[in-house]
Amino acid sequence: MTTSDHPRRSPPDLRPDYAAAAAHAQRTAVLASVEALLGWDEQTMLPQGGGAYRADQVAAVASLVHSARTDPAQRDRLERLAASMEGGKGDWSDEQRATVVRLLRDLHKQLRLPPRLVEEIARACIDGQQAWVDARRHSDWKGFAPKLARLVELKREQATAQSPDLDPYDALLDDYEPGARSSDVSALFDRLRPGIVALLRACRGSTCPPRDDLLKQHVPRSAQERFVRMVAERIGFDFTRGRLDSSEHPFCSTAGPHDCRLTTRWDESYLPTALFGVLHEAGHGLYEQGLRPDAFGLPRGEAASLGVHESQSRLWENLVGRSLPFWEWCLPLARKAFPAAFSDASPEAVQRSMLVVGPSLIRVEADEVTYNLHIMLRFDLERALIRGDLAVADLPTAWDDRFEQDFGIRPGTAAEGVLQDIHWSGGLIGYFPTYTLGNVYSAQMMAAVETDLPELSTHIATGQFAPLLHWLRERVHAQGRLLDPGPLVTNATGRPVSERWLMESLWNRYGPAHGVGTSPPA
Ligand code: ZN
């Protein structure tokens with residue numbers, strides 16, 4: 001906005017306040033990125049003996065980050081700025097207004113938490129995770145239940161303290177998916193569920209389901225490393241601003257505006273483990289690399305939410321990586337990389353083998369169709385826990401009953417059921433729904449991309465990913481978190497958020513692969 005045609009001007013003394021608030025946020029991001037780097041190192045490089053001292057290092061940096069995030073001088077500046085902007089007052093741009101609103105909201109959330117509670121939660125999370133590792137190994141629910149009960153109690157207290165005006169579960173959800181409300185999420189899931197259940201039933205009744213035998217071929221790790229790196233590079237991941245390493249659980253971590261770290265794991269008898277791991281994490285990485293580096297630490301340069309982040313990873317992993325055009329491009333390169341494998345397979349056969357559907361007890365092994373049922377189960381149960389409608393003691397039975405109802409199989413042990421995920425043990429409650437929201441957003445974005453780029457299939461089949469990436473960069477990445485995820489997705493796609501495109505996408509791909517058509521039987 002220019003000022004020449006604007007007679008109203010903000011008091012000039014608040015401009016330095018804005019600059020100081022932005023500088024403070026960016027300095028805090030420097031500290032937080034050090035914490036992230038320590039975390040990356042811990043999961044990839046740290047020798048066993050370094051663990052205890054690393055905990056001291058992380059605690060020291062975390063306390064610096066916390067002090068910076070609750071700095072009273074920063075609060076005063078932001079509150080002065082917010083007052084000067086109230087009701088559209090002052091000559092501030094939309095970006096400046098949104099920046100102040102978001103920074104102040106984050107700061108108030110932190111300030112409302114009593115230091116005693118922050119400490120207790122940190123301790124209960126460490127305690128919970130350690131107990132969970134053992135409990136899962138021995139399928140020992142009884143050993144873990146008291147830890148979880150304590151965590152649920154503390155998270156409820158956190159929710160009430162940090163957002164007294166919200167339903168406690170919504171307060172927790174809001175940390176991961178700003179602006180999302182569980183009543184909306186629940187309604188969306190209720191609309192999604194019948195279509196998924198119908199698709200699952202149809203796929204299970206298929207007389208000619210896809211099989212993935214042809215993917216079970218020996219692929220040496222060194223050749224895989226070169227191959228997946230090439231794929232990440234071709235879809236647009238910039239290795240001068242990022243890396244790829246190995247870890248037990250794949251992840252993506254950002255250590256600075258030009259330093260994005262991906263990891264994957266390897267299976268020498270199954271290429272999809274590493275390949276889809278990399279496509280997923282590189283999807284996260286492309287988002288991080290598409291954020292504005294000069295705004296690192298400011299809402300303009302940060303990801304919108306976990307759900308939007310997950311939409312980017314799922315889009316590259318599932319909607320690109322499991323598509324026929326992708327395999328038309330990729331298969332000849334795979335044959336070159338692994339001369340002993342895939343020699344007589346067609347792109348159609350390889351692509352179809354990636355669409356196997358079946359109930360799995362374990363979420364992280366689930367296919368694209370059943371995955372969302374895993375999430376809905378967790379969402380309903382954790383919401384009931386936080387609201388006090390379900391006691392921790394009754395959780396395993398509630399889990400198994402619901403699982404049997406949705407999937408037609410019953411977990412035999414707690415390790416295969418309620419103890420399988422790390423999230424709750426580390427206090428991550430309100431996090432699960434963002435996975436399915438990511439799937440919903442990704443399908444909606446892809447539908448919009450297909451309208452905007454009619455040549456998309458040809459582009460992908462010839463290894464040209466830049467037009468797709470450009471669309472995502474402009475509509476999603478460059479927006480930062482100036483908007484909440486719902487309005488961001490609506491602006492990017494021109495439509496309100498809806499489950500419709502995910503449902504269509506699943507039916508259109510999995511129906512034909514199972515010979516059951518592209519829509520539920522009438
Ligand atoms: Zn992810």
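Colleague: Which residue forms a salt bridge with Arg105?
Modeller: This is a predicted model. A salt bridge needs a Lys or Arg side-chain nitrogen within 4 Å of a carboxyl oxygen of Asp or Glu. For Arg105 the closest N and O atoms are 3.6 Å apart, and the partner is Asp484.

Colleague: How many salt bridges are there between domain 1 and domain 2?
Modeller: The domain assignment puts domain 1 at 15-165 and domain 2 at 182-513. The salt bridges between domain 1 and domain 2 number four.

Colleague: Which helix gives the largest share of the side of domain 1 that touches domain 2?
Modeller: At least two residues each come from H1 (14-44), H4 (94-111), H5 (115-138) and H6 (141-162). The largest share is ten residues, and its source is H1.

Colleague: How many residues of the side of domain 1 that touches domain 2 are nonpolar?
Modeller: In domain 1, 36 residues are in contact with 42 residues of domain 2. On the domain 1 side, eight are charged and eight polar. The nonpolar residues there number 20.

Colleague: Which residues of domain 1 lose the most area to domain 2?
Modeller: The two domains bury about 3300 Å² between them, with 64% of it on carbon and sulfur atoms. Three residues of domain 1 together make up 21% of what that side buries. They are Trp40, Arg102 and Trp141.

Conventions. Residues numbered from 1 in each chain as written. Predicted model: local features only at pLDDT ≥ 70, side-chain atom pairs only at ≥ 80, totals over all residues. Heavy atoms only, no water. Domains from an automatic or database assignment. Contact = heavy atoms within 4.5 Å. Buried area = accessible area lost by both parts, 1.4 Å probe. Helix = DSSP H or I, 4+ residues; strand = E, 2+ residues; numbered from the N terminus. Nonpolar A, V, L, I, M, F, W, Y, C, P; charged D, E, K, R; others polar.
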